[in-house]
Structure formats: structure tokens, C-alpha cells
Amino acid sequence: MIIAGVGLTVLLVLVVGIAVARMVDGDSTNYLVAGRQLGAPLVAVALTTAAVDSNATIGNTDLSADLGFWAGASLALGLAICLLLAGIFLARPMNRMGLMTLADFFARRYTRRVEVIAGVLMVVSFTVLLAGNLVALGFLMEHFAGVPYELGVIVAVALILAYTVGGGLFSDVYTAVIQAVITVGATVALFVWVASEHGISVPDGAGPFDMGQLTDPAQGAAINWATLVSLGIGDLVAIDFMQRIFGARSPEAARRACFVGAGATAAVGVVWSLIALTGAAKLGLTAANGPVVYELLDGGAPVLLAVLVLSGVVAASFSTGSGAVLATSAVTVRNVAGLKRAVEPGHKDPLLRWVRIAMLPVAVCATILAVRVSQTGILLTLAFDLMLACLVAPFVLGLFWRRATTAGALVSIGVGVVVRLVFLVLTPTLYGVPNDLFYIENGLVKEGFDGWATLLAGVIGVGVFVVVSLCSRSRDEEERDLRFLDHRAATEEAAVAPDPRSPEGVAVGGT
């Protein structure tokens, strides 16, 4: 019955997603940014469902149960901070620019080279994010349907593609309404059931007011701060968030939507953490035997509640997965491959066609990663860990600081990538779990460096960007110099040109 109930949710999402696909009408602007006609409520719902994914629910509860409130809640709170900062500083100017993808900003502010490099990093980051959501769905299929984990991941990504390929952002946003209702309903229902059955309780030293989790490195303070900073600031370079902001009908609508999304994301994340802490304190649940929420539901929860909660997990994962695969494919085609929107009369939009085609390789790469690294919250944080080190400074400072330069962007991106990858391969753990991704055994770096690696790489990336920008010429200065040289060359050419009225052909203005 549980799988049947979840299946009905999936079917509803598919029907709605496919039904609204006709709104695309063969136009890539409709497909990628929903024709720039979304009101604040729709954008707010879409931003919330993008933030409240399987990482902020399943990953949150696993980390909270094992390591304390701040280890898990920081996933959702970091995303909430990101939306808050976006609402205060970014939503209005970014919406006014009329961009199709976030990587378009790097082309407009810097050069084509920066656009391509930034686009590649965004594609890598969001492929990792998509993989994190597929992990949760694969575990769900394995735990409740007896389907092998790998097959569950493949089924999940196929279902996400089924409606995203047709309707793009329209399908993503309109299905987000259904997904938000299910997710919020599941959150409230699960919290009420846990509170009535077990009473809300937390293990000693693991609650939200136990500040040792944020001050004592031995209690994971560095990792918790790294999570907050990585998601709160690194996630500002989130191509799926920005895709929704670009789709808002006005800068003010985009701004209001960010604030609503921030509040909703924080509230949902805190509730899921408290549920996990109660499960750990009262029932001794840990993530060692699989996702904590699945264990909790197996431990006597009413069937209807289990259906609702699991439907909420699926809905949250579908929404984020849909936005991630759409935005990643768009950046791949438009910014990395360089195919722009140029529609000739009587011809189909080539950008629309190729973005749809690009979704398949993106989905395949995410599936492989999900099978290789079956960690939800870790994959989410790692995705924006890289953004923090490489792209935050060129993006945020480039938007507001006129002295930002192309040289600063290129050098800081290169240094950020190298530093973060070196730290990654040398550090034996990733956010408190064994580094099964790229670790090279060594005696230089110990587990205590975990967390500091994120923060230090971010500081180095920003510092390099500022220093190099100050030591190099800005794009405005370069263009001004080029205009001056062109003007001088034209003047000199005119000065030495023969006078057609002179039979000797002497130069006018010559000495």
C-alpha cells in the first residue's frame, strides 16, 4: 500500500508536468524562464521546493540523529540563509538583467572564456546536486519496494526526465505547487505523530541550544560552520534558484519570493531535525542501518502517515531534481557549447531542441555518481563547496564592484579549483563521513581539517580575486584604452593620407 500511495503521487506529478508542457509553445524563453511571467507566489513555492529536497530532509535527519541538531539542520538553514541573502542583494538586479541562465552573467560581465569555465563548474556542481537527490529516491525504492538500489536510482531519474523534458520551467514550477503541499503536509503530520507518540526530546548535548556544536571543534563546529557558509554563500551561485528568479514577472516579485522561500525552508528543516533527534533519543535510531526516517516509519507509524511522508520525500526530490537537470542542461548548451537563441522564420528553436537532448547525458552522469557515492547531505554540501571556492567572488563582487576584472575572475577560479581539490584528496573525511570519493592516503592532513578545508578554500578564492583585480585592468579600462587607440590610429591615418586635391600628393598636415 505504501508504494501504491507513493506511486499515485508520482503519477499526479507526471500528469500535471506533461499537461503544462504545451505552454512552452516551441520557445526556449518559455522553456528556460517560463516566459518571465511568474508571480511571486509561484516563484516562492518553486524556490522552497528547490531548497527543501531529499538532502534537507533525509540527509538532514541522518546527520541530526548521529551528530546533533546543527550537523543536520545546517543543510536547510544554510539554504534559507542563501535565499535571504538573495532576496536582500541579488534578486532585483539579477531579474532586471533579463538573463536566460546564471552563466550568462559571466559572459556579460567578463568574457567568453570566463563564461565557459564558470559554466563547466556549474554543470559539475549541479550534477552532484542531482545525484544527491537520486540517492534518497534509490534508498526509498530499496527499503520499501525491495528494488535494488541501483535500479531505484535509474527509475527515479527516468521519471524526473519524463515531465521535465517536455515542459521545462513551466512543468517544474506548476508541479512544485503539488510537491509543496505534499511536503509541508508530510512535515506537519510526521511532527505531530512523533510528538504525540514519543514526545519531542533530544539527546544530551545535541539540541539546537547546545552551542558547543558551533564553538567546539571536537563537537564538529568547523564542519557545521562549513556547511552553513558553503550553502548560505556558496549556494548564491545556484543555477536552479536563479532560473526561478529570472522567471519572475518583476524584480520585486523575485525579491518577495526569496524571503518567503527562506522562511519556509528554515521552518521545515528545523522540524525534520527535531524529529530525528527524538528518534535518536527515544528509539536509539541511527543512520547506520539506512535513512533514519525510513526506520522511524517502519517502527509502528500508521500506513497513511508513511504514505504521506514518503510522498513528501519523493515530491521534494523530484522538484529539485527537475530544476537541476533543466538548469544544468541549459548551461551546457547555451554557455559551454555556445548555442544561443536564434530562431529563423519557419524553423524550430535550436536552443530548445538541444537543451532537451542534453538532459540525457546529464542524467546519466548524475546516476553514475549516485551509485558511486550514496550520501545525500554530503553530496549537497560538496556541490556548493566548489562554488564557494571558485565562483562566489566573481559573481557577487562582479555584480557590485566596478573594479572586478576578467583576470581576477580567471585566476581566482583556477586557484579555487586547485586548492579545493587538493584539500579534497588529502582530507580523510567529508563533513564527518569517510571520504570515499577522491581520498589519497597521506600523513599530512588529519580528520580535524575537515570543515576548515571548505572555509579556507573560500577565503583563498575571494582573496585572490580581490588582489588580482586590484593589480589588473578592469574591462571598462581595457575597452576605454581600445577606443582611445582606435581613435588615435584613425587620426594618424587621416593625418598622413595624401591630399587628393594636391597634384604632388603631399600629406595634409605633414611637416
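Reply: Buried means a relative accessible area under 20%, exposed means over 50%, and partly exposed is in between, for a 1.4 Å probe and protein chains only. The model is predicted, so local features need pLDDT of at least 70 and side-chain atom pairs count only at pLDDT 80 or more, while totals for chains, interfaces and linings use all residues. Residues are numbered from 1 along each chain as its sequence is written, and side-chain values use heavy atoms, with hydrogens and water left out.

Me: How many helices and strands are there in the chain, and what share of the residues is buried?
Reply: Helices (H or I, at least four residues) and strands (E, at least two) are DSSP runs numbered from the N terminus. The chain has 20 helices and 2 strands. Of its 511 residues, the buried share is 56%.

Me: Among contacts with a separation of 6 or more, what part comes from residues 24 or more positions apart?
Reply: Contact means heavy atoms within 4.5 Å. For the chain's contacts with a separation of 6 or more, the part made by residues 24 or more positions apart is 81%.

Me: Is A34 buried or exposed?
Reply: A34 sits in the loop between helix 2 (28-33) and helix 3 (40-51). Its phi is positive, about 50 degrees, although A34 is not a glycine. Most residues other than glycine have a negative phi. With a relative accessible area of 0%, A34 is buried.

Me: Which accessibility class does R36 belong to?
Reply: R36 is in the loop between helix 2 and helix 3. Its phi, near 55 degrees, is positive in a residue other than glycine. Because its relative accessible area is 27%, R36 is partly exposed.

Me: How are helix 4 and helix 5 oriented to each other?
Reply: Helix 4 (residues 54-67) packs on helix 5 (residues 69-96) at an angle of about 165 degrees, with the axes 6 Å apart. Axes are lines fitted to C-alpha atoms, for helices over the stretch in contact, and angles run from 0 to 180 degrees between N-to-C directions. Angles under 35 degrees count as roughly parallel, over 145 as roughly antiparallel, 65 to 115 as roughly perpendicular and the rest as oblique. Helix 4 and helix 5 are therefore roughly antiparallel.

Me: How many charged residues are in the contact of helix 4 with helix 5?
Reply: Helix 4 brings N55, A56, G59, N60, L63, S64 and L67 to the contact, and helix 5 brings F69, A71, G72, A73, L75 and A76. Ala, Val, Leu, Ile, Met, Phe, Trp, Tyr, Cys and Pro count as nonpolar, Asp, Glu, Lys and Arg as charged, and the others, Gly among them, as polar. By class the contact has 8 nonpolar residues, 5 polar residues and, as for charged residues, none.

Me: Which residues does T61 touch, leaving aside neighbours within four places in sequence?
Reply: T61 belongs to helix 4. It counts as buried, because its relative accessibility is 0%. Leaving aside neighbours within four places in sequence, T61 is in contact with W272, A276, V292 and V293.

Me: How many residues of helix 11 are buried?
Reply: Helix 11 (residues 239-246) is mostly covered. Among its buried residues are D240, Q243 and R244.

Me: How do helix 10 and helix 17 each lie relative to helix 19?
Reply: Helix 10 (residues 221-232) packs on helix 19 (residues 452-471) at about 45 degrees, with the axes 7 Å apart, which makes helix 10 oblique to helix 19. Helix 17 (residues 392-400) packs on helix 19 at about 50 degrees, with the axes 9 Å apart. Helix 17 and helix 19 are therefore also oblique.

Me: How far apart in space are E447 and T429?
Reply: E447 lies in the loop between strand 2 (433-434) and helix 19, and at 54% relative accessibility E447 counts as exposed. Not counting residues up to four places away in sequence, E447 touches P428 and T429. E447 and T429 are 18 residues apart in sequence, and their C-alpha to C-alpha distance is 6.0 Å.
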